[in-house]
Amino acid sequence: MRRTKEDAEKTRLKIIEAALTLFSRNGYSNTTLAMIGSEAGFSRGPIYWHFKNKDDLFEAVLAYSQEPLEKLVAQARSGGLSPLERIGGFVRSWFVLLVEDAWFRQSFEILLNKTELTEAMQSTLERERRLTQSMIETLASLACSAQEQGQIPQGQSAGQLALMIYTQLMGVTQTWLFAPGLFDLNEQRGFFAERLLRSLQQP
């Protein structure tokens, strides 16, 4: 029985891998379940065993970018480090995911550059908006605590600082995913992280 479950999970992951490849290459609308099945080496039968339809499979694909970011939020909220150190950990971990986790990177690219945001995507978009709000609220709370502890100047509101952090991370991400030949993120991630963190400490 356990072997059967293992085989089923391997099949599911192979389908997701094929979907990541094709959604990334062709976009959501130009990819069919038949194409995904062919890429994965299956008929559509195994796909429908694991996923209700293309939208359900698409949500599973996007979870590979959403779930790691949800974990980053949870880590940033946990104690043990100073607020500024937790902001730094969030920023650096964001870049680590982009550079080192291919499925995270592909999933993020599909959401940002390869998806037509229609009503059919409503549940996915709602989850993405909740995640964005959660990240900004977490960063604002950390910025506020850092200000109270004297780690960050009081000149700007914590909410403004949180928006700056998030939009700078998204700006680097969107630019690199759209034009990866423009710069080597693996080489530049330290520079981006340190410049962002240093800007928080300027009056």
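Predicted model: local features only at pLDDT ≥ 70, side-chain atom pairs only at ≥ 80, totals over all residues.
Residues are numbered from 1 along each chain as its sequence is written, and side-chain values use heavy atoms, with hydrogens and water left out.

**View 1. The protein chain holds 9 helices and 0 strands.**
Helices (H or I, at least four residues) and strands (E, at least two) are DSSP runs, numbered from the N terminus, and along the sequence the protein chain reads α-α-α-α-α-α-α-α-α. The C-alpha trace spans about 60 × 40 × 35 Å along its principal axes. Of the 203 residues in the protein chain, 42% are buried, where buried means under 20% relative accessible area, exposed means over 50% and partly exposed lies in between (1.4 Å probe, protein chains only). Among the contacts in the protein chain with a separation of 6 or more, 70% join residues 24 or more positions apart, a contact being heavy atoms within 4.5 Å.

**View 2. Helix H5 packs its buried residues against several other helices.**
Helix H5 covers residues 83-100; it has 18 residues and reaches 25 Å from its first C-alpha to its last, close to the 26 Å expected at 1.5 Å a residue. The expected span of a helix is 1.5 Å times one less than its number of residues. The buried residues of H5 include Pro83, Leu84, Arg86, Ile87, Gly88, Phe90 and Val91, and they pack against helix H4 (54-77), H6, helix H7 (122-148), helix H8 (158-178) and helix H9 (185-200).

**View 3. Helices H5 and H6 pack at an angle of about 95°, with their axes 5 Å apart.**
Axes are lines fitted to C-alpha atoms, for helices over the stretch in contact, and angles run from 0 to 180 degrees between N-to-C directions. H5 and H6 are therefore roughly perpendicular to each other, on a scale where angles under 35 degrees count as roughly parallel, over 145 as roughly antiparallel, 65 to 115 as roughly perpendicular and the rest as oblique. On the H5 side the contact is made by Trp94, Leu97, Leu98, Val99 and Glu100, and on the H6 side by Ala102, Phe104, Arg105 and Phe108.

**View 4. Phe90, Trp94, Phe104, Phe108 and Tyr166 form one aromatic cluster.**
Rings of Phe, Tyr and Trp (its six-membered ring) pair if their centres lie within 6.5 Å, and planes under 30 degrees apart count as stacked, over 60 as edge-to-face and the rest as tilted. By this rule the count comes to 11 aromatic pairs. In one of them, the rings of Phe90 and Trp94 have centres 6.2 Å apart and planes at 45°, so this pair is tilted; Phe90 and Trp94 are 4 residues apart in helix H5, and about one helical turn therefore separates them. Both Phe90 and Trp94 are buried. The rings of Phe104 and Phe108 have centres 5.5 Å apart and planes at 90°, so that pair is edge-to-face, and Phe104 and Phe108 are likewise separated by about one helical turn, being 4 residues apart in helix H6 (residues 102-113). Phe104 is buried, with a relative accessible area of 0%, and Phe108 counts as buried at 2% relative accessibility.

**View 5. Ser107 is a buried residue of helix H6.**
Ser107 has a relative accessibility of 0%. Leaving aside neighbours within four places in sequence, Ser107 is in contact with Leu20, Val61, Leu62, Ala63, Tyr64 and Ser65.

**View 6. Leu185 lies in helix H9 and is buried.**
The relative accessibility of Leu185 is 0%, and Leu185 is in contact with Phe95, Leu98, Val99, Val172, Trp176 and Phe192, again leaving aside neighbours within four places in sequence. The C-alpha atoms of Leu185 and Leu169, which are 16 residues apart along the chain, are separated by 12 Å.

**View 7. The charged end of Lys54 sits over the ring of Tyr28, 4.1 Å from its centre.**
A charge sits over a ring if NZ of Lys or CZ of Arg is within 6 Å of the ring centre and within 35 degrees of the ring normal.
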